[in-house]
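This briefing is meant for a reader meeting the structure for the first time.

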Amino acid sequence: MTLRSPSMRPAALQRPVSDGWLGTRELPGYRAGNVVARLADLPAVDPDHLYFNLLLLDAEGQLQDHHSGPCLSMDRRYSVDERSRYVRVVAELMRHAPSDDRGLSAIGQALHFVRDRGIQGDRLLLAAQLVDEACSEDAVVVNLAHMLTLSLGEDEATRELASVLQQMAAAATPPMRAHGIQPVTAASAAVTGAVPDKPGLQAQVRCVVRWVGKAQARRFLRDRIGLALVPTPDLLGV
């Protein structure tokens with residue numbers, strides 16, 4: 001499958017006030033929401049690789065949880081640009097992942113994966129799937145809606161999802177109803193409760209997530225829309 005290029009609309013790429021670069025050019029960090037990914041140089045711990053920290057901040061900006069260790073996918077020969085791409089992508093990948101009750105512990109496997117294997121090529125999608133499997137349905141919905149908005153802009157993303165939902169409605173089967181999901185149309189994307197006449201993007205995404213499962217939703221949408229739906233350096237402009 002050939003993936004299409006995202007729209008890269010300037011309005012979609014505006015960052016929240018809390019987002020931004022930290023650290024130094026040689027040892028960069030990036031904050032995405034309440035998550036900070038950053039690199040350090042601790043030769044006494046690992047003489048060959050940089051050291052990785054992921055911090056979870058509370059609403060006041062204080063440290064709530066952290067994950068750290070040698071970054072086996074990032075040795076000291078990597079350029080400053082490669083280091084910057086790494087922390088920015090990982091921060092964006094984990095932006096919506098932390099759990100209110102478990103902090104970063106729920107996504108420990110994904111964090112170990114990006115530390116050990118990196119984010120090149122298909123590894124980024126694999127890391128995103130590990131995050132999706134560990135996160136709540138709400139977190140997966142919010143993240144996919146965010147990635148769709150970054151890639152297409154909200155209006156076009158809503159139209160694309162409407163087309164996907166129409167296809168789902170046409171293929172609605174008894175197993176779909178057995179999972180508590182009713183056939184949907186482009187104008188009726190919510191699965192439970194009152195159905196709005198014009199559902200928002202998150203309501204559309206939630207319908208897809210409940211139909212195919214949170215662990216498969218990213219691949220399902222990628223195959224139908226032709227977008228990676230992961231925070232690639234090109235999409236983020238780094």
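Predicted model: local features only at pLDDT ≥ 70, side-chain atom pairs only at ≥ 80, totals over all residues.

Helices, which are DSSP runs of H or I with at least four residues, and strands, which are DSSP runs of E with at least two, are numbered from the N terminus. By that numbering, L125 lies in helix 3, which spans residues 122-134.

- Five strands form an open sheet in the order 1-2-3-4-5, and their pairing is antiparallel.
- Strand 1 (20-23) and strand 5 (63-75) stand at the edges with a single partner strand each, so one side of each has no neighbour in the sheet.
- On average, and with direction ignored, neighbouring strands of this sheet are turned by 20° against each other.
- Strand 2, made of residues 28-32, and strand 3, made of residues 35-40, are paired in the antiparallel sense over four bridges.
- Within strand 3, R38 is the residue that stands opposite G29.

**Helices on the sheet**

- Helix 1, covering residues 80-93, lies across strand 1, strand 2, strand 3, strand 4 (49-57) and strand 5, and it runs at about 25° to strand 2.
- Helix 2, covering residues 108-116, also packs on the sheet, where it touches strand 4 and strand 5, and its direction makes about 30° with that of strand 5.

**Aromatic pairs**

- A pair of aromatic rings is described by how far apart the centres are and by the angle between the planes.
- Two aromatic pairs are present in the structure.
- W21 and Y30 make up an edge-to-face pair, with 4.9 Å from centre to centre and 75° between the planes.
- W21 is partly exposed at a relative accessible area of 39%, whereas Y30 is buried at 0% relative accessibility.
- F52 and Y86 have ring centres 5.9 Å apart and planes at 80°, an angle that makes this pair edge-to-face because planes over 60 degrees apart are classed that way.

**S73 in strand 5**

- S73 is found in strand 5, and its relative accessibility of 12% places it among the buried residues, because buried means under 20%.
- A polar atom of the S73 side chain lies 3.1 Å from the backbone oxygen of V114.
- When residues up to four places away in sequence are not counted, S73 touches Y78, Y86, V114, R115, D116, R117 and G118.

**Cysteines**

- A disulfide is a covalent bond that joins the sulfur atoms of two cysteines.
- The structure holds zero disulfides.
- C135 is buried with a relative accessible area of 5%, and C207 counts as buried at 0% relative accessibility.

- L125 is buried, with 7% relative accessibility.
- L125 and R218 are 93 residues apart in sequence, yet their C-alpha atoms are 8.7 Å apart in space.
- Leaving aside neighbours within four places in sequence, L125 is in contact with R218, R219, R222 and V230.
- Q129, which is likewise found in helix 3, is buried with a relative accessible area of 10%.
- The C-alpha atoms of Q129 and V230 are separated by 9.9 Å, although these residues are 101 residues apart along the chain.
- Q129 touches A215 and R219 when residues up to four places away in sequence are not counted.

**Helix 8**

- Helix 8 comprises residues 217-225, and A217, R218, F220, L221, R222 and I225 are buried in it.
- The buried residues of helix 8 pack against helix 3, helix 4 (137-152), helix 5 (154-170) and helix 7 (201-212).

How values were computed: Residues numbered from 1 in each chain as written. Heavy atoms only, no water. Pairing = 2+ DSSP bridges. Axes fitted to C-alpha atoms, helices over the stretch in contact; angles between N-to-C directions. Contact = heavy atoms within 4.5 Å. Phe/Tyr/Trp six-rings, centres within 6.5 Å; stacked < 30°, edge-to-face > 60°. Buried < 20%, exposed > 50% of the residue type's maximum accessible area, 1.4 Å probe, protein only. Disulfide = S-S within 2.5 Å. Polar contact = N/O pair within 3.5 Å; in protein donor to acceptor, adjacent residues only side chain to side chain.
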